[in-house]
Amino acid sequence: MKQSGDRPEVWVDREHRKGRRASKGGTMGIKRALPAVAALITVLGTMLVTSSAPAGAAGSPADQGVTATTIQGGNPYVNFPALRSLGVTINEGSFPDAYNAIAAYMNAHGGFDGRKLVMNYVEMNPSVASDETSSCSTLTEDDHVFVAFAPVFPACYQTTHDTIVEGGSLPGTVTASSAPDFSLTPPDAAFDGPMLANFQKRGVFKGKKVAIFYGADSDKPEVTAVQADLKKLHIPLTLTAEDSAVATDTVASDQETATIAERFKDSGVNVVIGVGGSGSTTWPRAQLDNQSTYKPLYIPTSESSLLSYVESAKGGNPYLDNVLTAQPTPFAYQQWKDPGIQKCVAIVKKAYPSDAINAPLNPTNPAATSVPATNVSVVQACQYLTLFQKIADAAGKKLTVASFTKAGYALKNVSIPGTGGGLISFGKNQPYAIGPINVVTYSPTSKTLVPASATAK
């Protein structure tokens, strides 16, 4: 039996997209990260080791950082210059400038249910294990923050220090009683159901025979979740198959996928759902290697894993021409056009006129190469400060970890800049938002993933 992680995901630095994230209690198999963090994981690989916060080891009192007039917030931003020796040459702009400017603007226009947010910062190097704990202890024990915005490793804040988190990048192991990590991007298993329901409304499954394909035991829980989603949607499932070959044995994997493809074809399957990182990448690679004549509609559940494969494939793959998938957040160049994001950009430019804030490139443009991702800091600060404001306003005057958590779970049908123009909602024990479905296809012209509206599909 293959072990979890046999088919590790490949991370890609791609400024025009964001993927999804692992569920609460998940590990390093996360599928959502800022582009720079994604590139960082590629470089560090197994060198990057995170620790699990010990349950009950509270190093700071709960509900700290709140007075009648102020709330202490913290941002442990990544020290990118320190990572250049590891091959990470990325510029995502100034996170302190972005948070300072937008928080100051919000403070001057009503604040956070009447309180002003005071921001604290600490620079951290994710490649240095001690920086994970030292940055966390600085913000929680020295600065006494109530909320940590976008920590790379949020578990220390949540479990060790009972501190609210928003937008953590790489969830660690946390307990059920830990403070939540509120995110605008759901884990795959939570997003698959809404995505498949959207496709069903589009008539994708009408009159079709559907099969599930995956390639690693670690993706079995998501397979089970997708099977349940299909049953709930009354979509018959014809077959489920796993390519059980050892991940490093490409020849054996190709052969097993060929056998599975023949089974699918003989059964009349014309829609294949590739589940998880393994299912989303093994199928197109093996079909290309095998030069298969079988080309069903292919729905990978992990858009981020598929993008990694697409970027590594370089010359393109005709077996991607029949791809249909989705992501919970728009491409970065779509986010950039959002009036709410543009308002935040204007706020930061006015406060820090010398800061460079580059517009993201449109991936549908074949001539697009790359630009510094300096917009990321502004988009992140704009989205998560807005989210914090909405939850704090809903929590009311008695602001505690418990009241904030309750208000966050109850937050429904709210508008956040850059989330696709629709409304997002959280839910009971659900610290991640579900909102608009952003349908994605493959463009043979630009040889990358693009919004479905940008193709002829």
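**Aromatic pairs and a parallel sheet in a predicted model**

Mentor: F388 has a relative accessible area of 0% and is buried. The model is predicted.

Trainee: With which ring does F388 form an edge-to-face pair?

Mentor: F388 sits in helix α12, and its partner is 242 residues away, in the loop between α3 and β3. The ring centres are 6.5 Å apart and the planes stand at 65 degrees; planes over 60 degrees apart count as edge-to-face. The partner ring is F146.

Trainee: How many aromatic pairs does the whole structure have?

Mentor: Rings pair if their centres lie within 6.5 Å. A search of the whole structure on that basis gives a count of 13.

Trainee: Is the pair of Y99 and F149 stacked, tilted or edge-to-face?

Mentor: The centres of Y99 and F149 are 5.5 Å apart, with 40 degrees between the planes. Stacked needs under 30 degrees and edge-to-face over 60.

Trainee: Which parts of the chain does the pair of Y99 and F149 tie together?

Mentor: Both residues are buried: Y99 has a relative accessible area of 0%, and F149 is at 0% as well. They are 50 residues apart in sequence, so the pair joins separate parts, namely helix α2 and strand β3.

Trainee: Which aromatic cluster holds Y99, F149, F146 and F388?

Mentor: These four belong to one cluster. Its members are Y99, F112, F146, F149, F182, F388, F404, Y409 and F426.

Trainee: Which strands stand at the edges of the open sheet?

Mentor: The sheet has four strands in the order β7-β6-β8-β9, with parallel pairing. An edge strand has a single partner, so one of its sides is left without a neighbour in the sheet. The edge strands are β7 and β9.

Trainee: What is the bridge partner of V271?

Mentor: Strand β8 covers residues 271-274 and pairs with β9 in the parallel sense over four bridges. The partner of V271 lies in β9, and it is L297.

Trainee: At about what angle does helix α6 run to β6?

Mentor: Helix α6, residues 220-232, lies across β6, β7 and β8. Its angle to β6 is about 170 degrees.

Trainee: Is S308 buried or exposed?

Mentor: S308 is in helix α9, and its C-alpha atom is 8.4 Å from that of T281, 27 residues apart along the chain. Its relative accessibility is 6%, and under 20% counts as buried. S308 is therefore buried.

Conventions. Residues numbered from 1 in each chain as written. Predicted model: local features only at pLDDT ≥ 70, side-chain atom pairs only at ≥ 80, totals over all residues. Heavy atoms only, no water. Pairing = 2+ DSSP bridges. Helix = DSSP H or I, 4+ residues; strand = E, 2+ residues; numbered from the N terminus. Contact = heavy atoms within 4.5 Å. Axes fitted to C-alpha atoms, helices over the stretch in contact; angles between N-to-C directions. Buried < 20%, exposed > 50% of the residue type's maximum accessible area, 1.4 Å probe, protein only. Phe/Tyr/Trp six-rings, centres within 6.5 Å; stacked < 30°, edge-to-face > 60°.
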